[in-house]
Structures are given as structure tokens and as C-alpha cells.
Amino acid sequence: GIDVTSQITGVVPTANLGSGSASSSVFLSGASTWIAAGGGNLELITATTASDTATIDFTSGFDAAYDVYRLDITQAIPTDDGAYPTIALSDDAGVSWEAGAGDYRAITSGWIGSNAASGTTTSTGDHYGTVLWTNTNSTTKQGNQVAESLNGSFWFYGLNDGNNPGIRFQYSCGSIGGFQIGIAGYGCFTANTNVVNGIRFLNSSVGGNVATGEFRLFGIKNS
């Protein structure tokens, strides 16, 4: 055999390590073959920064290789006080957005607190509408100050199935009353019969545009 510590200098060519083609998206398996990473990998699809933006739309990068999608939101602030974060979906890559009465349904719960008082819980119950409302409690509307920014994640399940995809969400922000808020819930798109290939984040009309914020869409591979 060859003593690799003393008889080899430089870098061993990847073709000598295993069969197949080496690249940044594969790894060398125990069978000496370059193969793609297995299921469960989290892959960044796209990222965007809001700047007084009416809607944050993702209409490309959807693929049958992803079982689950995750939208991460950092430091999102509405232009106006009183925002309710909402979600809409599209089955034609954003040409149109599903907005029928009762197309979306969700149930949410939350926590409200302040620096000087213990928290209390609240629930918005079962609600439905032309978008997915993540919150309809008047005491937990998001404010538009820097200290009231929204941070959290949305998960989307079964977008490739055409059968009522599920949406899970959790986020924190500051309310117009000066309280800290934590919201969590689960919903679904009830009118779906096609593959979903568009995700939209927007504020309720009261909250205006998205003034600032970082939005990143990830896909979780199924194999």
C-alpha cells in the first residue's frame, strides 16, 4: 500500500477518490461513489429584503424534490401600526393568488406580556378568509417601531400534493400597545386541488406595506 502521510504530496484528484463526478452538492459515500446528499437537507431557495414592499412573493424554485418549505422572517416591520401578518398561495407561479371566501383556515394562540408584568395567553379561535390570517386578536396587532419587529418562521407541507396543504407558523413581535407578543398556530389551504408554486407574505390592509425585513425561503429535500 501507499503511505499517504509520506508518499503523496499535493491534492489527490477527486476522480481518484471515487466514481461519479465531484461537486459542491455531492459527497463521497462509503461505497467510494460521489452521490447527492440524502433527504432532510435544508436548502436555501431564495432570499429577499423588503423595502416599503406591498407583498413579499416567492414564485420560483418550487420542486417536487422538496416535501416541506420553510419561510424565515427577520426584523420585519410594517409601514403602519396595526398589522396582521397574513399568507396567500398561488398555483400558477404568482399570475394569480387564491383568494376565495373561506379558502384558508387557521387556529392560533398567543402570549402577551411586558417588561413589567407577567404574560397572559390569548386565542383567536378558528378563523377563515381570503388569506391565511395568523392573528385576528385586536390586542396583538403588530406595531411599526423598530422594537416591534417580527421574527419567526412559517412551514408549508404538502404543496406538491394538491390536497389541502398545511401551514404552521410561529413568530414574535411587538404590539401597538407596547407589549411583547408570541404567536403560534396551524392552518390549511382548503380549496387546493393543484400543485402550489407560489407563496406570498403580506400585512393586513391596516398595516400597510412591509417597510423592512429579511425573508428567506428554504426547501427540505425528500430524498
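Here are some numbered notes on this structure, starting with the ground rules and moving on to the sheet, the core and a few residues.

1. Ground rules. This is a predicted model, in which local features need pLDDT of at least 70, side-chain atom pairs count only at pLDDT 80 or more, and totals for chains, interfaces and linings use all residues. Residues are numbered from 1 along each chain as its sequence is written, and side-chain values use heavy atoms, with hydrogens and water left out.

2. The sheet. Start with the four strands that make an open, antiparallel sheet in the order S4-S13-S6-S9. Strands S4 (56-58) and S9 (132-133) stand at the edges with a single partner strand each, so one side of each has no neighbour in the sheet. On terms: strands (E, at least two residues) are DSSP runs numbered from the N terminus, and two of them pair if DSSP finds at least two bridges between them.

3. How S13 is held. On one flank, strand S6 (residues 85-90) is joined to strand S13 (residues 198-203) by six bridges, and the two run antiparallel. Within that pairing, Ile87 sits opposite Phe201 of S13, while Thr86 has Leu202 of S13 as its bridge partner.

4. Is S13 buried or exposed? Six of its six residues are buried, so S13 is largely enclosed by the rest of the structure. Here buried means under 20% relative accessible area, exposed means over 50%, and partly exposed is in between (1.4 Å probe, protein chains only). In a regular strand the side chains alternate between the two faces of the sheet. In S13, Gly198, Arg200 and Leu202 point one way, and Ile199, Phe201 and Asn203 point the other way.

5. The core. The largest nonpolar core has 34 residues, and those with the most contacts inside it are Leu89, Phe154, Phe156 and Phe215. Strand S5 (residues 66-78) gives the most to this core, with five residues. The term covers buried Ala, Val, Leu, Ile, Met, Phe, Trp, Tyr and Cys residues joined through side-chain atoms within 4.5 Å. As background, nonpolar side chains in soluble globular proteins tend to be buried together.

6. Phe154 up close. Setting aside residues up to four places away in sequence, Phe154 touches a set of residues including Tyr69, Leu71, Ile73, Ile87, Phe169, Tyr171 and Phe201. Contact here means heavy atoms within 4.5 Å.

7. Salt bridges. How many salt bridges are there? The count is two, where the rule asks for a side-chain nitrogen of Lys or Arg within 4 Å of a carboxyl oxygen of Asp or Glu. Asp57 and Arg200 form one of them, with their closest N and O atoms 2.7 Å apart. That pair links distant parts of the chain, as Asp57 in strand S4 and Arg200 in strand S13 are 143 residues apart. Arg70 and Asp72 also meet in a salt bridge, at 2.7 Å from N to O. Asp72 counts as buried because its relative accessibility is 14%.

8. More on Arg200. Arg200 is buried at 19% relative accessible area, whereas Asp57 is partly exposed at 33%. Leaving out residues up to four places away in sequence, Arg200 touches Thr55, Ile56, Asp57, Thr86, Ile87, Ala88 and Trp97.

9. Asp63, a loop residue. Asp63 lies in the loop between S4 and S5 and is partly exposed, at 39% relative accessible area. A polar atom of the Asp63 side chain lies 2.7 Å from the backbone nitrogen of Ala65. Beyond its neighbours within four places in sequence, Asp63 is in contact with Tyr69 and Asn160. The C-alpha atoms of Asp63 and Leu159 are separated by 9.6 Å, although these residues are 96 apart along the chain.

10. Cysteines. How many disulfides does the model have? The count is zero, with the rule being a pair of cysteine sulfur atoms within 2.5 Å. Cys173 counts as buried at 8% relative accessibility, and Cys188 is partly exposed at 22%.

Methods
A polar contact is a pair of N or O atoms within 3.5 Å; within protein, one must be able to donate a hydrogen and the other to accept it, and residues adjacent in sequence count only if both atoms are side-chain atoms.
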